[in-house]
Amino acid sequence: MARRRLDDDSLAERLEARAAEGLYRQRRVVSEAAGVHQRIDGRQVLAFCSNDYLGLATDPRLKEAQAEAAWQFGAGAGAAHLINGHFAVHHELEERLAEFTGRERALLFSTGYMANLGIASALVGRGDAVFEDRLNHASLLDAGLLSGARFSRYAHADADALEKKLAAREQGAALVMTDGVFSMDGDVAPLPGLASVCADADALLVVDDAHGLGVLGKHGGGSLEAFELDQDDVPVLMGTLGKAFGSFGAFVAGSDALIETLIQFARSYVYTTALPPGVAAASLAAVGIIENEPERRSYLNDLIARFRKGATELGLDLMDSHSPIQPIMVGDAQRALSWSEDLLERGMLVTAIRPPTVPAGTARLRVTLSAEHTRDEIDRLLQALADIKAADASGDGE
């Protein structure tokens, strides 16, 4: 292999190539609180791209809980959990999350990415095998690849394909990792089938329910509650606190033995500073709201149905999703970017999702809905999409 330089000129060439393909990503500067109404890059927009599904990120009760805990415990934890950074509010949150998910124990991580890395690295290694859905989130894929175990992907949401791969396994432990709700398609994994296959093959099933918890299930227990699956069916549950919970951080919930194993062997837990106590307090407040205010989920489901009905009537290419994630398939990356920019000109922020986040030829607008949106705002988005679609068809949008 020829030598390759990593100087500024070679980096600039790589960046130029990405821009030419319509794949360049840019950060936007937000100057107001998180919510569906934001000032971004100096302009007021109606946002349809947040994961704040229940509108809790700006809820006064979360802000008050965070502020009070910050005054009591300080702005930061100051150390890792295993040194002297494990505060009483962290411990209380772990106990509440275990209760909320119906599991023996829960363990806080700083991010979902770190939680997934910790799960895989603590449970499997050389001589073992990791099996993952082809459309898993990058954190799950990286966790499997970095674990040192043999890595294999099965066809999306296909329990039969997984069964065949597990049957061909010769030795070592087997870890199966899947999203509960897939972040780019919005569909739900066939968890009962996966759980049955894993039980028969003596494989450990891990479900990352970042986009399901708080939203799905009668009590907001996520995709596992929706399918009536418990800890015996799905031994390892990972959830994030920065989406429907409106806060920040992540957790893993499962048996006492699982949690103790992660405490001892998950490097992404052991060697990092604990969450700020105020953030944990905000998450603690969110758990209670999710449990006690089911009307937020009911209203969100009404908005999802309204959007899907309107988008279908417009002839937009929707995916099979009944979650707050509602992708509109566009195909070409440049076209998806153009539609996103046209929406922004109309005061609406909808992200264009392009390769490598999604496979080539499947670029899309990723609409995400929140309980903070109004019905009139859903209708405004649909009208804007109708106008852009008509202009694109006539050639005026090119």
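What percentage of the 398 residues of the protein chain count as buried? In this predicted model, 52% of the residues are buried, a term that denotes under 20% relative accessible area, with exposed meaning over 50% and partly exposed in between (1.4 Å probe, protein chains only). Because the model is predicted, local features need pLDDT of at least 70 and side-chain atom pairs count only at pLDDT 80 or more, while totals for chains, interfaces and linings use all residues. Residues are numbered from 1 along each chain as its sequence is written, and side-chain values use heavy atoms, with hydrogens and water left out.

**Overall architecture**

- The protein chain contains 15 helices and 13 strands, which are DSSP runs numbered from the N terminus (helices H or I, at least four residues; strands E, at least two).
- Its radius of gyration is 22 Å, close to the 21 Å that the globule rule gives for 398 residues, so the chain is as compact as a globular protein of that length; the radius is taken over C-alpha atoms, and the rule is 2.2 Å times the number of residues to the power 0.38.
- Along the principal axes, the C-alpha atoms fill a box of roughly 60 × 55 × 50 Å.
- Of the contacts (heavy atoms within 4.5 Å) with a separation of 6 or more, 70% join residues 24 or more positions apart.

**Nonpolar cores**

- A nonpolar core is a set of buried Ala, Val, Leu, Ile, Met, Phe, Trp, Tyr and Cys residues joined through side-chain atoms within 4.5 Å.
- The largest such core has 64 residues, of which Phe48, Leu97, Phe245, Phe307, Leu365, Leu381 and Leu385 touch the most other members.
- Helix α12 (residues 277-292) gives the most to this core, with eight residues.
- Beyond its neighbours within four places in sequence, Phe48 is in contact with residues including Met348, Leu349, Val350, Val367, Leu369, Ile378 and Leu381.
- A second, separate core of 25 residues includes Phe109, Leu175, Leu258 and Leu262.

**Backbone features**

- Most residues other than glycine have a negative phi, and most peptide bonds are trans.
- The peptide bond from Pro355 to Pro356 is cis, with omega near 10 degrees, and Pro356 lies in the loop between β12 (351-353) and β13 (363-368).
- Ala157 has a positive phi, near 55 degrees; this residue sits in the loop between β5 (150-154) and α7 (159-167) and is partly exposed, at 31% relative accessible area.
- Asp202 likewise has a positive phi, near 55 degrees; Asp202 occupies the loop between α8 (191-201) and β7 (204-208) and is exposed, at 64% relative accessibility.
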